[in-house]
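Please read these notes with the model open beside you.

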Amino acid sequence: MRGSAHLALLEVLAEARIPIAGLAGSSAGALAAALYAFGISAHHSTLCEWLKDPELERLQKNGALYQVGRLVDLVQRPYLAEGSKIRQGYSALFGQRRIEESPIPLVIQACDLSSGELVMLRAGPVAEALAASSAIPSVFPPVRWHGRLLVDGDVAEKVPVTAARALQAGPVVAVDISNRMVPNAPRSALEAALQAGEASRRRLLHLALSQADLVIALEADPPIETFDHTKAQMAYELGRKRAEEALPKIRQLLAKSTPVPWWSRFAQVKPRVPKGSPVTREAQAQKQRYS
């Protein structure tokens, strides 16, 4: 439910009249980006009810989601929940809307499960793209998309800075809603493997964030778990706070950014070659040869 922070941040930017030239999102961030891009207004508490998955809620209450790796070994399928309620929620929100119809340029990020390749979805049904972008491996089934199996975009890049850069829309403000890492010694071989994987993902996260012009970090304390719906309001309020704190830096960033007009490339003066240079003599020789 940390994704509520994305909605809060976009609300603050809208209230402050900060122009948004493009949006890129992954998982919960993709949902917030799509809602904003299409001008769909929905309260975060209403979204939580629409997108609440009863299977995951039951596991969350039992504390089972902390041991996803162990559960996957015990069940007879490669995922814990079908995610049908969440997909129904996406369809109810976006209907037949398509990504390429977005009034604001939009990229929904997913990941190819086979190759690990970052996949930027810039066309196609919004609801289906969101299902792919939020298909957390081992939690939800992957989504078939034009012959590929797609999963949560966070697998390829935790914060979609690369996708945002691809929009070429100006300065990139990245929002990091991940929980802080609390170092602890693994108690089993499985925990050691999971911790090593998490360390690798955090390394990739830092590399991605280093490419952004500004990073807004949620830094929730205590941590907010992904499917803990009871903490949605906390994430929303913290998201607003972090966004308001970042407004001065965002304004400074926009003030420094001076977009080059599209027509300027036609007004560029071509460099002149000095007379008597080798290039000039060669051009004159060619002219005499063909005259």
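1. A contact here means heavy atoms within 4.5 Å. Among contacts in the protein between residues at least 6 apart in sequence, 71% join residues at least 24 apart.

2. This is a predicted model, in which local features need pLDDT of at least 70 and side-chain atom pairs count only at pLDDT 80 or more, while totals for chains, interfaces and linings use all residues. Residues are numbered from 1 along each chain as its sequence is written, and side-chain values use heavy atoms, without hydrogens and water.

3. The protein has eleven helices and seven strands (DSSP runs numbered from the N terminus: helices are H or I, at least four residues; strands are E, at least two). Of its 291 residues, 43% are buried (under 20% relative accessible area, with exposed over 50% and partly exposed in between; 1.4 Å probe, protein chains only).

4. Helix 6 covers residues 84-94, and its buried residues are Ile86, Gly89, Tyr90, Leu93 and Phe94. They line one face of the helix, because seen down its axis they fall within an arc of 110 degrees (taken from the directions from the helix axis to the C-beta atoms). The face turned away from this buried side carries the exposed residues Gln88 and Ala92. Glycine 95 follows helix 6 and has a positive phi, near 55 degrees.

5. How many aromatic pairs are there? The count is one (rings of Phe, Tyr and Trp, the last by its six-membered ring, with centres within 6.5 Å; planes under 30 degrees apart are stacked, over 60 edge-to-face, the rest tilted). Phenylalanine 38 and phenylalanine 94 form this edge-to-face pair, 6.3 Å centre to centre with 70 degrees between the planes. Phenylalanine 38 lies in the loop between helix 2 and helix 3, and phenylalanine 94 in helix 6, 56 residues apart. Phenylalanine 38 is buried at 14% relative accessible area, and phenylalanine 94 is buried at 1%.
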